[in-house]
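Biologist: I would like to learn how to read a structure that is new to me. Could we take it feature by feature?

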Amino acid sequence: STLLVIKNRIFTFDGILSVCEHTKYAGICSGSDYALGAIAAGKSVRKALEIAAELDPYTGGELIVHKGV
């Protein structure tokens, strides 16, 4: 999967090049469901990434949050 942001618009592309535009948040890869669930529950983006890293064995490493992208 690929995530692309152009002029504050968020798009994801899957393996068959299906394109989806997202209105608020988007996530890709194994921990994305955990992170998006945490965001929906009111957590910050950084906290949502920390939760995903805690719950998903394939998510982790250095977390970098870019603001105003």
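Biologist: Where is the place of Leu17?

Modeller: First, this is a predicted model. Leu17 sits in the loop between strand E2 (9–13) and strand E3 (19–22). Its phi is positive, about 60°, although Leu17 is not a glycine.

Biologist: Is Leu17 buried or exposed?

Modeller: A residue counts as exposed when its relative accessible area is over 50%. Leu17 has 66% relative accessibility, so it counts as exposed.

Biologist: Which loop holds Cys29, and what is its phi?

Modeller: Cys29 belongs to the loop between E3 and H1. Its phi is about 85°, a positive value, and Cys29 is not a glycine either. Cys29 is exposed, because its relative accessible area is 59% and the cut-off is over 50%.

Biologist: Now the whole chain. How many helices and strands are in the protein?

Modeller: The protein has two helices and three strands.

Biologist: What does the radius of gyration say about the protein?

Modeller: The value is compared with that of a compact globule of the same length. For 69 residues such a globule would have a radius of gyration near 11 Å; the protein has 12 Å, which agrees. The C-alpha trace spans about 30 × 25 × 20 Å along its principal axes.

Biologist: How much of the protein is buried?

Modeller: Buried means under 20% relative accessible area. Of the 69 residues, 17% are buried.

Biologist: Which residues make up the largest nonpolar core?

Modeller: To read a core, list its residues and then ask which elements supply them. Here the six residues are Ala35, Ala38, Ile39, Ala48, Ile51 and Ala52. Helix H1 (32–40) and helix H2 (45–55) are the elements that each give two or more residues to this core.

Biologist: What does Ile39 touch?

Modeller: Leaving out residues up to four places away in sequence, Ile39 touches Tyr25, Val45 and Ala48. Ala48 is also one of the core residues.

Biologist: What share of the contacts joins residues 24 or more positions apart?

Modeller: Among contacts with a separation of 6 or more, such pairs account for 17%.

Biologist: And how far apart are the mean positions of the positive and negative charges?

Modeller: The protein has 7 positive and 7 negative charges, and their mean positions are 12 Å apart.

How values were computed
Residues are numbered from 1 along each chain as its sequence is written. This is a predicted model: local features need pLDDT of at least 70, side-chain atom pairs count only at pLDDT 80 or more; totals for chains, interfaces and linings use all residues. Side-chain values use heavy atoms; hydrogens and water are left out. Helices (H or I, at least four residues) and strands (E, at least two) are DSSP runs, numbered from the N terminus. The radius of gyration is taken over C-alpha atoms; the globule rule is 2.2 Å times the number of residues to the power 0.38. Buried means under 20% relative accessible area, exposed over 50%, partly exposed in between (1.4 Å probe, protein chains only). Contact means heavy atoms within 4.5 Å. Lys and Arg count as positive and Asp and Glu as negative; His and the chain ends are not counted. The place of a charge is taken as NZ of Lys, CZ of Arg, CG of Asp or CD of Glu. A nonpolar core is a set of buried Ala, Val, Leu, Ile, Met, Phe, Trp, Tyr and Cys residues joined through side-chain atoms within 4.5 Å.
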